[in-house]
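Biologist: I would like to learn how to read a model of this kind. Could we begin with the ligand and then turn to the fold and the pocket?

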Amino acid sequence: EISLKYGAGRLGKRQDADMKRFRDNRLGAFIHWGLYAIPGGEWNGEMYGGAAEWLKAWAKVPADEWLKLMEQWNPTRFNPKAWAKMAKKMGVKYVKITTKHHEGFCLWPSKYTQYTVAQTPYKKDILGEMVKAYNDEGIDVHFYFSVLDWSHPDYRYDIKSEEDEIAFARFLEFTDNQLKELATRYPTVKDFWFDGTWDASIKKNGWWTAHVEQMLKEMLPGVTVNSRLRADDYGKRHFDSNGHLMGDYESAYERRLPDPVKDLKVTRWDWEACMTVPENQWGYHKDWSLSYVKTPLEVLERIVHAVSMGGNMVVNFGPQPDGDFRSEEKELADAVGRWMSVNGECIYGCDYAGWDKQAWGYYTRKGKEVYMVVFNSPYSRHLVVKTPKDVKITKAVVLNGKEVGVKETARNEYNVDMPAKDPGAPFVIKLQIEDNT
Ligand SMILES: C#C[C@@H]1N[C@@H](C)[C@@H](O)[C@H]1O
């Protein structure tokens with residue numbers, strides 16, 4: 001291994017109570033809310049199909065013109081308590097909120113920039129209202145923070161001159177100040193999810209990314225930080241030059257998931273995926289007909305897929321400029337919540353089972369209990385299960401249902417019966433096992 005000053009701060013999974021809580025939570029929601037919600041993908045009468053929170057870039061809008069949107073920021077229908085109840089009903093255990101996206105507009109009244117809610121008709125600390133409402137419902141709050149800041153004159157995409165060096169040093173100090181402000185004003189925050197860290201300017205300042213991780217962990221003991229913040233001495237991101245994960249969990253699975261057979265390496269570390277409901281819309285977009293919109297079942301399968309491989313899943317919501325949610329997102333939260341209310345025990349506190357994936361769906365595991373989450377019912381009416389050596393199945397019961405038959409068909413191979421009446425939706429069978437490994 002090569003010696004690194006700014007590589008991984010720790011080897012192996014964190015096992016402290018705060019990380020266990022992060023891991024056991026498993027299901028989160030993303031809230032992407034900012035000035036970009038106002039135009040909703042349309043600029044000067046032209047509709048752009050790209051991600052709505054990147055409209056400034058697609059329509060080539062200068063920062064000062066874009067930030068004039070602040071004059072329209074007044075979400076009159078924003079009801080933080082209703083937002084928190086919607087999240088609770090969906091069964092999410094945490095919510096990741098965009099404190100500041102690439103546009104540079106802050107949902108909190110930062111004293112380090114003029115581009116904040118305090119300078120809008122809304123005036124109030126909208127981030128603080130959300131943190132309180134979610135925490136009051138027992139939901140953890142995580143902060144999304146974009147290092148990339150299109151509003152700041154000292155941001156640099158690369159460092160090519162002494163002038164760049166001096167300006168970017170000012171920018172990093174500005175960013176430190178905003179992060180300290182967030183950690184001080186909202187001490188119940190449990191995680192910082194950094195984004196906008198792909199530019200050469202950041203990769204050339206791996207020391208700063210290590211400093212940010214250390215600074216936040218000193219200010220908020222137990223707080224978690226995603227791998228996407230981190231660059232090492234040589235600009236390597238997420239995993240350092242010795243292949244060790246930096247930060248507390250891998251955060252590279254954005255709108256994609258590891259393959260359940262070929263990518264089992266991810267089960268060796270903590271990771272969290274995040275996903276959009278349309279193909280690629282995080283912020284509010286007026287027209288969801290421009291791309292495929294996942295059904296609640298397709299969202300649910302991605303949640304189970306992540307947990308079956310030892311990961312968390314964060315489902316994205318892009319609130320409207322008026323502070324309400326579009327109907328598709330309300331229906332999604334309802335549908336996932338209904339399923340989680342019956343089957344949540346196969347998600348919360350569960351992990352990779354270590355059993356061979358089968359066509360009918362996914363395994364999750366909690367200690368001695370193994371769950372079969374069935375998405376595809378076989379014509380044979382039997383669910384094939386192959387157990388590891390020295391593991392036997394002793395019983396199988398449908399969650400919120402009846403026991404089903406289990407027949408050993410060969411060494412470590414079983415046919416588990418389908419429920420007598422087809423549930424007509426993904427269902428869960430809880431296995432009792434004898435594990436003599
Ligand atoms: C690219 C990019 C960003 N990363 C996602 C989490 C969204 O914030 C998107 O704008």
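Modeller: This is a predicted model. Around the ligand stand His-32, Glu-53, Trp-54, His-101, Tyr-144, Trp-193, Asp-195, Glu-254 and Trp-282.

Biologist: How many residues of that shell are nonpolar, polar and charged?

Modeller: The shell splits into four nonpolar, two polar and three charged residues.

Biologist: What share of the ligand does the protein bury?

Modeller: The ligand taken alone exposes 290 Å², and 88% of that is buried by the protein.

Biologist: Now the fold. How many helices and strands does the chain have?

Modeller: The chain has ten helices and 16 strands. Its radius of gyration is 23 Å, close to the 22 Å from the globule rule for 437 residues, so the chain is as compact as a globular protein of that length. Along the principal axes, the C-alpha atoms fill a box of roughly 70 × 50 × 35 Å.

Biologist: And how should I read a pocket?

Modeller: Rolling a probe the size of a water molecule over the atoms shows where empty space is left. In this model, the largest pocket has a volume of about 440 Å³. Its lining consists of 25 residues, with Val-398, Leu-399, Pro-423, Pro-426 and Phe-427 nearest the centre. Helix H9 (296-308) and helix H10 (327-343) are the elements that give two or more residues to this lining.

Biologist: Which element gives the largest share of the lining?

Modeller: H10 does, with six residues. By class, the lining of the largest pocket holds 16 nonpolar, four polar and five charged residues.

Definitions and conventions: Residues numbered from 1 in each chain as written. Predicted model: local features only at pLDDT ≥ 70, side-chain atom pairs only at ≥ 80, totals over all residues. Heavy atoms only, no water. 1 Å grid on protein atoms, 1.4 Å probe; cavity = no way out; pocket = protein on both sides within 12 Å on 5 of 7 lines; lining within 4 Å. Points joined across faces, edges and corners; volume = space filled by probe spheres on them. Helix = DSSP H or I, 4+ residues; strand = E, 2+ residues; numbered from the N terminus. Nonpolar A, V, L, I, M, F, W, Y, C, P; charged D, E, K, R; others polar. Near = heavy atom within 4 Å. Areas by Shrake-Rupley, 256 points an atom, 1.4 Å probe, with all protein chains shown as cover. Rg over C-alpha atoms; globule rule 2.2 N^0.38 Å.
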